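Hi,

Here is the model we talked about passing over to you. Have a look at it first, and then read on for what turned up.

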Amino acid sequence: MRLAGHTLGTPEQTVPEALALFADAGLDAAEVIYQDGYRSALPLRDRRSAEEARRASEDLGIPIIGLTPYATGINALEEGKWRTAVDEFRGAIEIAQAVGADRVRVYAGSWHPGDREQAAHWDRLVAALGTLAPEAAGAGVRLCVENHFGTMTQSAAETARLVREVDHEAVRVLYDQANLTFTHDETYQEALRIQGDLIGHVHVKDLVFTDPDAPFQASETARVAASERAVRSRVVGDGVLPWAGILSSLAALGYDDVLSLEYEYRWHPQDLPEPAVGFARSAAAVRAALAQTAVPGRLR
């Protein structure tokens with residue numbers, strides 16, 4: 001399995017600088033945020049920045065394997081908002097092609113406790129992915145729907161249901177066990193039983209609970225506000241996630257693709273060592289966990 005750095009962890013670096021940091025940390029690839037206004041991201045539909053990033057990735061031997069947009073309007077009932085979000089994903093697919101990436105992260109719309117008309121929003125979400133899937137397939141890109149709070153696929157069960165309902169090979173699951181753990185949804189054994197055959201990408205991070213019994217709450221989608229947090233981010237291996245077991249189970253399922261280190265330094269720098277240190281330590285922990293897997297030939 002290849003290890004990728006995620007530019008969520010490099011808020012002070014440009015994309016080329018982040019790629020160099022990943023190379024120095026011994027990583028194999030990069031996942032890059034696709035968003036305006038963030039230093040370590042590719043701006044929306046900016047082909048010049050994309051071409052610069054691709055040149056840097058080729059020079060460093062760190063391929064960009066995925067893009068991470070933040071659009072949440074693909075379940076909107078308002079036609080204009082829905083179309084804007086769908087078009088943003090079209091742009092992400094185009095830029096993914098430009099940098100050589102083969103996957104795009106998907107937030108399954110926006111959804112929070114108290115929101116109404118769930119069925120109608122779900123139908124809009126399915127329609128958006130059904131519209132985008134053939135376009136993504138034609139570009140050699142898959143759309144990976146994340147297990148993520150503040151969306152319509154917080155749990156593994158919801159994510160699997162969506163991917164199966166869209167029923168297109170270009171729409172897969174982005175498996176994030178840390179997200180499932182801190183929202184008190186499925187264990188890794190349950191999550192892999194439910195969605196293991198649908199996984200197209202994996203995020204790796206770690207955490208500790210400040211109060212394991214506190215109910216999960218989040219009023220935002222991209223991150224949990226400081227006043228709502230019941231966890232602290234940690235370097236992989238320093239938290240509660242049983243990564244050796246998770247990775248062994250993934251390998252047994254036949255997953256032999258990218259593991260992206262989603263180091264949350266952008267959101268929670270107070271919890272973590274500086275990126276150059278944190279990525280190197282996380283990579284070492286993941287490689288040690290992979291070495292314990294029972295399936296030979298999976299580490300490269």
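A quick word on naming before anything else: helices (H or I, at least four residues) and strands (E, at least two) are DSSP runs, and they are numbered from the N terminus. With that numbering, Ser110 falls in the loop between strand 5 and helix 4. Please keep in mind that this is a predicted model.

**The chain as a whole**

There are nine helices and eleven strands in the protein chain. Of the 300 residues, 56% are buried. If you take the contacts with a separation of 6 or more, 79% of them are between residues 24 or more positions apart. The accessible surface comes to about 11,900 Å², and carbon and sulfur atoms account for 46% of that.

**The empty space inside**

Rolling a probe the size of a water molecule over the atoms shows where empty space is left. How many cavities of 30 Å³ or more are there? The count comes to two.

The largest cavity holds about 330 Å³ of space. It is lined by 36 residues, and the closest to its centre are Phe149, Phe182, Val224, Val231 and Glu264. Helix 6 (177–182), strand 9 (206–209) and strand 10 (231–234) each supply at least two residues of that lining. By class, the lining of the largest cavity divides into 16 nonpolar, eight polar and twelve charged residues.

Is Phe182 buried or exposed? Its relative accessible area is 9%, under the 20% cut-off, so Phe182 counts as buried. Leaving aside neighbours within four places in sequence, its contacts are Phe149, Leu207, Phe209, Phe216, Val224 and Val231. Phe149, Val224 and Val231 are also among the residues closest to the centre of the largest cavity.

The lining of the second largest cavity divides into five nonpolar, two polar and five charged residues.

**The largest pocket**

The largest pocket takes up about 170 Å³. Lining it are Trp111, His112, Pro113, Gly150, Thr151, Gln154, Glu158, Phe216, Gln217 and Ala218. By class, that makes four nonpolar, five polar and one charged.

Back to Ser110, then. At 25% relative accessibility, Ser110 is partly exposed. Setting aside neighbours within four places in sequence, Ser110 is in contact with Thr72, Asn75, Asp115, Gly150, Thr151 and Thr221; Gly150 and Thr151 also line the largest pocket. Ser110 and Gly26 are 84 residues apart in sequence, and their C-alpha atoms are 35 Å apart.

**Some single residues to check**

Which strand holds Pro69? You will find Pro69 in strand 4 (residues 64–69). Pro69 is buried, with a relative accessible area of 1%. Apart from neighbours within four places in sequence, Pro69 is in contact with Tyr34, Glu88, Phe89, Ala92, Val104 and Arg105. One of these, Ala92, is 23 residues away along the chain, with 7.1 Å between the two C-alpha atoms.

Arg45 has phi near 55 degrees and lies in the loop between strand 3 (41–42) and helix 2 (47–60). At 42% relative accessibility, Arg45 is partly exposed. Glu117 has phi of about 60 degrees and lies in the loop between strand 5 (103–106) and helix 4 (118–138). At 54%, Glu117 counts as exposed.

Cheers

Conventions
Residues numbered from 1 in each chain as written. Predicted model: local features only at pLDDT ≥ 70, side-chain atom pairs only at ≥ 80, totals over all residues. Heavy atoms only, no water. 1 Å grid on protein atoms, 1.4 Å probe; cavity = no way out; pocket = protein on both sides within 12 Å on 5 of 7 lines; lining within 4 Å. Points joined across faces, edges and corners; volume = space filled by probe spheres on them. Nonpolar A, V, L, I, M, F, W, Y, C, P; charged D, E, K, R; others polar. Buried < 20%, exposed > 50% of the residue type's maximum accessible area, 1.4 Å probe, protein only. Contact = heavy atoms within 4.5 Å. Areas by Shrake-Rupley, 256 points an atom, 1.4 Å probe, with all protein chains shown as cover.
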